[in-house]
Number of protein chains: 4
Amino acid sequence: MHDWYQDKLREECGVFGIWGHPEAARLTYLGLYSLQHRGQESVGIVTSDGQRLHAVRGMGEVNEIFTESVLDKLPGHCAIGHVRYSTAGEVSLNEAQPFSIKCHRGELAICHNGNFPFAETMRAELEREGAIFSSTSDTEVVLHKLARSRQPHLQQAIADVFRELEGAYSILILTPDSLFVVRDPRGFRPLCLGELDGATVVASETCAFDLIGATYVRDIAPGEILTVNREGLRTEYPLPPQTPAFCIFEHVYFARPDSRIYGRSVNKSRHKMGKQLAREQPVEADIVVPVPDSGVAAAIGYAAQSGINFRFGLVRNHYIGRTFIEPTQSIRNFGVKVKLNPVRDLIEGRRVVLVDDSLVRGTTSRKIVEMLRQAGAREVHLRISCPPTISPCYYGVDTPSTAELIAANQSTEAIRQYINADSLGYLSHEGLLAACGADEGLRFCTACYTGKYPLPVPQRAVGRSHRA
Amino acid sequence: MHDWYQDKLREECGVFGIWGHPEAARLTYLGLYSLQHRGQESVGIVTSDGQRLHAVRGMGEVNEIFTESVLDKLPGHCAIGHVRYSTAGEVSLNEAQPFSIKCHRGELAICHNGNFPFAETMRAELEREGAIFSSTSDTEVVLHKLARSRQPHLQQAIADVFRELEGAYSILILTPDSLFVVRDPRGFRPLCLGELDGATVVASETCAFDLIGATYVRDIAPGEILTVNREGLRTEYPLPPQTPAFCIFEHVYFARPDSRIYGRSVNKSRHKMGKQLAREQPVEADIVVPVPDSGVAAAIGYAAQSGINFRFGLVRNHYIGRTFIEPTQSIRNFGVKVKLNPVRDLIEGRRVVLVDDSLVRGTTSRKIVEMLRQAGAREVHLRISCPPTISPCYYGVDTPSTAELIAANQSTEAIRQYINADSLGYLSHEGLLAACGADEGLRFCTACYTGKYPLPVPQRAVGRSHRA
Amino acid sequence: MHDWYQDKLREECGVFGIWGHPEAARLTYLGLYSLQHRGQESVGIVTSDGQRLHAVRGMGEVNEIFTESVLDKLPGHCAIGHVRYSTAGEVSLNEAQPFSIKCHRGELAICHNGNFPFAETMRAELEREGAIFSSTSDTEVVLHKLARSRQPHLQQAIADVFRELEGAYSILILTPDSLFVVRDPRGFRPLCLGELDGATVVASETCAFDLIGATYVRDIAPGEILTVNREGLRTEYPLPPQTPAFCIFEHVYFARPDSRIYGRSVNKSRHKMGKQLAREQPVEADIVVPVPDSGVAAAIGYAAQSGINFRFGLVRNHYIGRTFIEPTQSIRNFGVKVKLNPVRDLIEGRRVVLVDDSLVRGTTSRKIVEMLRQAGAREVHLRISCPPTISPCYYGVDTPSTAELIAANQSTEAIRQYINADSLGYLSHEGLLAACGADEGLRFCTACYTGKYPLPVPQRAVGRSHRA
Amino acid sequence: MHDWYQDKLREECGVFGIWGHPEAARLTYLGLYSLQHRGQESVGIVTSDGQRLHAVRGMGEVNEIFTESVLDKLPGHCAIGHVRYSTAGEVSLNEAQPFSIKCHRGELAICHNGNFPFAETMRAELEREGAIFSSTSDTEVVLHKLARSRQPHLQQAIADVFRELEGAYSILILTPDSLFVVRDPRGFRPLCLGELDGATVVASETCAFDLIGATYVRDIAPGEILTVNREGLRTEYPLPPQTPAFCIFEHVYFARPDSRIYGRSVNKSRHKMGKQLAREQPVEADIVVPVPDSGVAAAIGYAAQSGINFRFGLVRNHYIGRTFIEPTQSIRNFGVKVKLNPVRDLIEGRRVVLVDDSLVRGTTSRKIVEMLRQAGAREVHLRISCPPTISPCYYGVDTPSTAELIAANQSTEAIRQYINADSLGYLSHEGLLAACGADEGLRFCTACYTGKYPLPVPQRAVGRSHRA
Ligand SMILES: Nc1ncnc2c1ncn2[C@@H]1O[C@H](COP(=O)(O)OP(=O)(O)O)[C@@H](O)[C@H]1O
Ligand SMILES: Nc1ncnc2c1ncn2[C@@H]1O[C@H](COP(=O)(O)OP(=O)(O)O)[C@@H](O)[C@H]1O
Ligand SMILES: Nc1ncnc2c1ncn2[C@@H]1O[C@H](COP(=O)(O)OP(=O)(O)O)[C@@H](O)[C@H]1O
Ligand SMILES: Nc1ncnc2c1ncn2[C@@H]1O[C@H](COP(=O)(O)OP(=O)(O)O)[C@@H](O)[C@H]1O
Ligand code: SF4
Ligand code: SF4
Ligand code: SF4
Ligand code: SF4
Ligand SMILES: [Mg+2]
Ligand SMILES: [Mg+2]
Ligand SMILES: [Mg+2]
Ligand SMILES: [Mg+2]
């Protein structure tokens, strides 16, 4: 695996659901395809034909697993789907979602983006009561709780379960006759509602709606449980309300720039981050160069604000496959070169402001800086469009442990020296909040930058990260 | 799918286990390879490295799923494995065994050859208590029962579960530190114990021992629970004893002729069936021709007894793949021809005794008779080395429903006319028992020939078949 | 690769052709499937739609390469196809036939079973004249000669080429409008003509006709050039006639027993070989056991003649894949065990006559004898249904070099000791000829048993083997 | 296939070669990986181990065909490789390069980027003389000519052949002991020379050097024949000199922006095209938006010159696979949406200058304009960074026929209406030349914009396009 692959926060998952469309499986396939950046290691779709559920899951990308003939095995008017990135070691297909099971309520499928920090306790309790688990996933805890609930109606069972089990979750549940859409009361992870030819669609990001031609209606609200079935849509808010805590990192890095999440354009936030970064961390330079693709929008903002010329000084290889054969002799910066190549003509002799979205371990940034210097850069000033990442996420993002987060352990000056930049500047916490619309009333989780966790975390989990 | 594929009783499953060998996964692979005739549709291996279990399952044959690199993912000194034939419709990987789960006892894997006629009742009860099921398999019921048992020791929990849940089962259970081997008190399905370089091995048939060079020690006894771990082997018989009821159909058709099961050579039984058949159903003819391969041993016995010449008049294609592209125009007897071709030189002008092991729906036999007539046979006398199959099996063999079993619905004469043979003769019930060693004290289930079920079957299940 | 795989004479190739049927590609696929025993390493089909040729070739077995969608790329009413075994080292797809090219005559495809002992000389000459070769195959020499010929009609060009280039060949040539079928004047390799619904079919063996329901018409005669096109069938004999020299080894081993080649049943020949072998090499014993499958027919003959009981004492594994993962520890006779397993019950305490078709290096026979001894055989008497193999074949069979042919270098007694049999007996040359119908006028090549080559071989080739 | 895939000029091919490095195959793999944008449909590598050539070719992308185990089959210190885009219909592996053959000179492999407009005539002549062709490729003509040449030395034979056969070609020829590098006297296609640890490397573009860490030395000169072998490098110019005619379209679209070809940075040329376009085709607008990725550099130049803000208003999907399952219902602009999605927040209410590199059929541009309008654009002004494409290319670029080139048939105003833009502006011929460095002495082919062909084209070929 390439070094640059190790050195980022990995997206957790993406979900997509549809109710009431003759091409449910196919549109879910397309929706997941648009959400592929949220997870590339496993993918699954479960459909309902009104009587029974049909499921296909696999390890790989959407268009590796789903061919025409596979989609043909997924009949019905309703579907849910999931893309997932798996943490190191968990390569098993058992972990791929949606999970589909049978219990006293009949058939039931579930998929999930988020994390339950207290799942482990509940899992141990369930095990003591005789439950068996097929995966290591928190999501299975939810299934057990649903199956054990005495509530006659699934909707109420769902409410009961989530009253008991706090966490970060955007969840879709499919039964032969209904689709349930659930978002946690803090709204950690995004979840959008749309409409297509009378069918109801939900997706982690609006870019999924764009591809299938669906119209964005609104976000699923924090704490909302939406039930979709033959009787239409019904919304309830049975969970104790909480102050929202939208994951700000979705705006910084995860979400696609063309998406709208929390009702706000991701590109707009990034552009503003870049502008604010230019105000907070100005520097004399000749060109602003993004680390593509995630750094592009902020770099354009930085250039616009600073008046320094924006240039595409790093070109990204279109054809990166998942495996890559390395030469046995060592080639300098080989891992990064597979992905990026400098445009020497632009870099040579120039003072470069290099803009990236985040800096995790620092190993990749270090190599990019070196690559620019080899290409002749006179100075390299790294600007990061968010504050230093100092704490792990417990709400669905796979972060390295605190020990590996360079900013949790070293001063900005020490980091600058490590990556060998002429200067290093981060966006401030306030700057980030403002760029993301805090002034307009949006309330965010920023725990990975501050260590202040909106939903407290069990002590023994501290320092480890989770996600599902 | 070819017609001949529809017209037989499908083997259920085969199991293999090993404890205490550095090449556990590789030897399990070889063992399963030898048991491939017991199931070709899914295969799985779970190993233990002493701390954790490692699992790989897949749809396909042993040597499609397990490559060098896949086996490398299965470290450890202990392993269990399973090959399986899946009934129509259940194509899901979810059904592939061994199942591996986590529960309050820790990690646990299980694989199973047999069937639980009462599983459905217990499953419904478990569901009412909140259990969730990931497959349709009976085996999952066992897992839930084990997880719910209060018994501190797994061995006792196993005993408890099977005291409550009667059925036909040869089961292997693997935990990080122990292997449990269980056979039901009637001993429906075979299970053999062997030894290789100090390691303990178990397998459905002894042919698995031959390939890996293991020595056959004895059969696992009906009702035995054998525990293998660092402290050695421990045997217990905690279940209420029962009169044995070894599946006689293993000797008729399922098992490989080079295997020894129930302590008796399969080839020997078949040879004796053929001899007895010649005594009971003599006929004047020129040659005895087997339907290869399952009819060969009985045909040789028939020839030996009758003095009629044995000839290999039907040749079997070595290269049958699982899928086969048919011409759009219809070719006479096409399905059977893909598998078998007559040796015209032998058949032409001759009176043929055709020997096969069983006759299920009659559709294939009919085509083979026709094929022989086209090849010039003067007469075709079909001899079947067992009695008419009149009842479904509830103990692990996938039988068509009673309505489809031709002998359950028509007289032998009517069947003869249907298949267009000059005569048709079956082996008698007594003849079959004698051939299989009943005189020497072996006690068999023969329910599919008599309708007399050693373990009574829940009323609502009657007429349907099960297996796992 | 398994040892038993090294220790036999490998079949060279099989050809199939059809003219005038709407399902040409599909029937060719079926025909090749029946000829799969003649070559398993590459396969190809070329069709003509009347205007253009369409080709697919691949490395692997027929049903790996040809799926529905691949066959759909092969439109037209005429087709030729080829299966091939490749000699060590030549793994390239470049060698897979049919070859299809364009030259001044237009498009042209060719496939070939046989060998040209003088091709190398002609190849060197062509290269000197500027020809380029894409493969190492003799067949390409034929293409060059056809392309260079001044003859306006392809049929005459073919005659010219083969007047100049002697050898062993059964060749099919397809152009957009015609099919040419050619067999060398000695008729070394078989080639049969059939008919199906008005379409003309040709195949290496009649078993290909049986599967598709075609009727056998006659053999293509030695020296015949048959042209099939819209004007019907036209036969010519433009080549200097020769005494026929049908490869006797086809009857001994290569051809399927259910085939008829040179107008004679292969099974019949083998049965007679067995009988004659019993006369020439009698022995006191309890049972006759074949090495399946190639030894079966001769073993039945041996048993019939000698009065000793025929028993199926070696069982052949149905599921041998091409690759097989070996355990790292050595298991005795592992390679042979993957393919064969003894039926201990039959072998134990018995004096066994083991019948096989040929003995090449002796390594496999040695292991089988050892396996039988381990299974308890009291005596093992090996009988081979042909004379000692002492010379390589230059006419299309891949033989080890003289140095590796055990019978070329050691006495029968020395071989017996090497394989550790109690006795070893070969069929005599006269016995073999008689069994194959020499009395009825058939004339055979038996050079590999006698060193007397019907078509002399260039001096420098002696000791090396060729085939295409 | 997606509509956007149809509507562009497809890159022909890319070549890479190396002489004198122990990891020749692996470095060629990496080089081809960097050149993947020049052809994605077939790929091949041939190596020399000093005695023999070793070849692997396949249909697909570099990292689909070349795995570790495949590369292991390619030993040796020298290698040549090729990526290729195949024109419609030619899906055959026969067309994949490098071709490797045997002739009187021994083994020889060749790969080629370019086209021979007169090949057809020569091919017909060769066929008349008895040559056979395995592919439809011009490159095979070269092989035949080399094989027929009487010149004792290959180098002289090469000179002879190309004296006779004019065209556009960057060619690599590998023999067991030498590498020959040839560029046509007009230098139509780029070809660069580099150095890595003492080994000689050549590549179509310098980006291949960057990935493997090689140093750019110089371009192979027009008309140069470079021989690399144990005696070192030897350069000759045996061909009649010509005025250079570097393909300007490489700078407009084909080459990667981070490459340097004809000794000039591609990014620099594109940036200048954008600036000049802004001068020639100014417009009042709010933002400049590129069609990514090919339009980015010119858009940045346009923005820089015009002072209008550069914004990334179209986002490109990272995960486009080669096949894509479409919904059966039609989704508006579906094909383009799979690749691009507008950032509504940037587009809405804005006057947009949309910058793309070329406009071929116009169908894609039309859909992009519509997509922007749906996203709320107030005005859309399309700017193309080259002149109207009015003539097909005969020198290695796969252009639609004149009938399909919209600018060959319609006025700019008519095109504007068709694509429904508010305005449409092209860069002038002079502007393009200046941007690409004509002032600095570079001489270009611009025939596709002017119809003035530097190397005249055989009459009957006019209107059709070729490439190899
Ligand atoms: N199609 C897309 N176009 C532009 N940006 C995208 C696209 N898909 C994902 N992204 C953004 O790209 C980022 C990931 O891409 P990139 O930065 O190039 O890779 P990395 O994950 O290695 O940093 C994500 O943050 C996401 O915002
Ligand atoms: N890795 C890369 N980064 C940026 N541009 C590239 C890269 N590879 C190829 N290109 C450029 O992108 C162009 C092709 O990409 P693009 O325009 O996105 O697709 P299309 O071929 O559909 O127009 C080529 O012109 C080439 O100059
Ligand atoms: N390797 C083997 N050699 C001989 N018989 C075998 C082998 N493997 C399985 N069998 C026997 O063959 C039977 C299945 O083969 P066969 O009769 O040819 O196919 P079918 O299942 O179609 O009847 C099984 O009954 C088993 O006893
Ligand atoms: N379908 C078949 N049934 C019986 N014999 C066959 C069949 N196909 C090929 N043969 C015969 O089997 C021989 C090859 O099989 P076998 O002896 O089992 O393997 P080996 O090639 O290892 O000796 C060939 O000689 C051929 O005559
Ligand atoms: S901790 Fe960071 S990544 Fe996790 S939810 Fe909060 S803002 Fe998002
Ligand atoms: S019913 Fe028949 S197949 Fe089933 S266990 Fe009894 S004997 Fe065996
Ligand atoms: S030498 Fe032997 S194998 Fe070759 S053609 Fe003659 S008989 Fe056949
Ligand atoms: S015609 Fe156009 S594409 Fe072709 S070589 Fe000339 S400039 Fe390049
Ligand atoms: Mg990034
Ligand atoms: Mg059978
Ligand atoms: Mg054999
Ligand atoms: Mg483009």
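Analyst: A term to start with: a residue is near a molecule or strand if one of its heavy atoms lies within 4 Å of it. This is a predicted model, where local features need pLDDT of at least 70 and side-chain atom pairs count only at pLDDT 80 or more, while totals for chains, interfaces and linings use all residues; side-chain values use heavy atoms, with hydrogens and water left out. Residues are numbered from 1 along each chain as its sequence is written, and chains are lettered from A and ligands numbered from 1 in the order in which they are written.

User: OK. How many residues surround ligand 2, and which are the closest?

Analyst: 17 residues surround ligand 2. The closest are R316(A), Y253(D), S294(D), R316(D) and K339(D).

User: Between which chains does ligand 2 lie?

Analyst: Between chains A and D.

User: What are the polar distances there?

Analyst: A polar contact is a pair of N or O atoms within 3.5 Å; within protein, one must be able to donate a hydrogen and the other to accept it, and residues adjacent in sequence count only if both atoms are side-chain atoms. For ligand 2, an oxygen atom lies 2.3 Å from a side-chain N or O atom of K339(D). Another entry puts an oxygen atom of ligand 2 at 2.9 Å from a polar side-chain atom of R270(D). On the chain A side, a polar backbone atom of R316(A) is 2.5 Å from a nitrogen atom of the ligand.

User: How far apart are the closest C-alpha atoms of chain A and chain C?

Analyst: 13 Å, and no contact joins chain A and chain C. Chain B and chain D have no contact either, with their closest C-alpha atoms 13 Å apart.

User: Switching to ligand 7. What's around it?

Analyst: The shell holds R189(C), C247(C), I248(C), F249(C), C393(C), Y395(C), V397(C), C445(C), T446(C), A447(C) and C448(C). That divides into 9 nonpolar, 1 polar and 1 charged. Ala, Val, Leu, Ile, Met, Phe, Trp, Tyr, Cys and Pro count as nonpolar, Asp, Glu, Lys and Arg as charged, and the others, Gly among them, as polar.

User: And ligand 6?

Analyst: Its shell is in chain B, with R189(B), C247(B) and C393(B) among the residues around ligand 6.

User: Is E250(C) buried or exposed?

Analyst: E250(C) is buried, at 0% relative accessible area. Buried means under 20%, exposed over 50%, partly exposed in between (1.4 Å probe, protein chains only). E250(C) sits in helix α9 (residues 249-254) of chain C. Helices (H or I, at least four residues) and strands (E, at least two) are DSSP runs, numbered from the N terminus. The side chain of E250(C) makes a 2.8 Å polar contact with that of R38(C).

User: Where is H251(A)?

Analyst: In helix α9 (residues 249-254) of chain A. H251(A) is buried too, with a relative accessible area of 0%.

User: What about L30(C)?

Analyst: L30(C) lies in helix α2 (residues 24-34) of chain C and is buried at 0% relative accessibility. Leaving aside neighbours within four places in sequence, L30(C) is in contact with F324(B), I325(B), P327(B), I331(B), F334(B), L211(C) and I212(C).

User: Last one. How many residues of helix α6 of chain A are buried?

Analyst: 10 of its 10 residues. The cover includes β5, β6, α5, α7 and β7 of chain A together with α6 of chain B.

Key:
Contact means heavy atoms within 4.5 Å.
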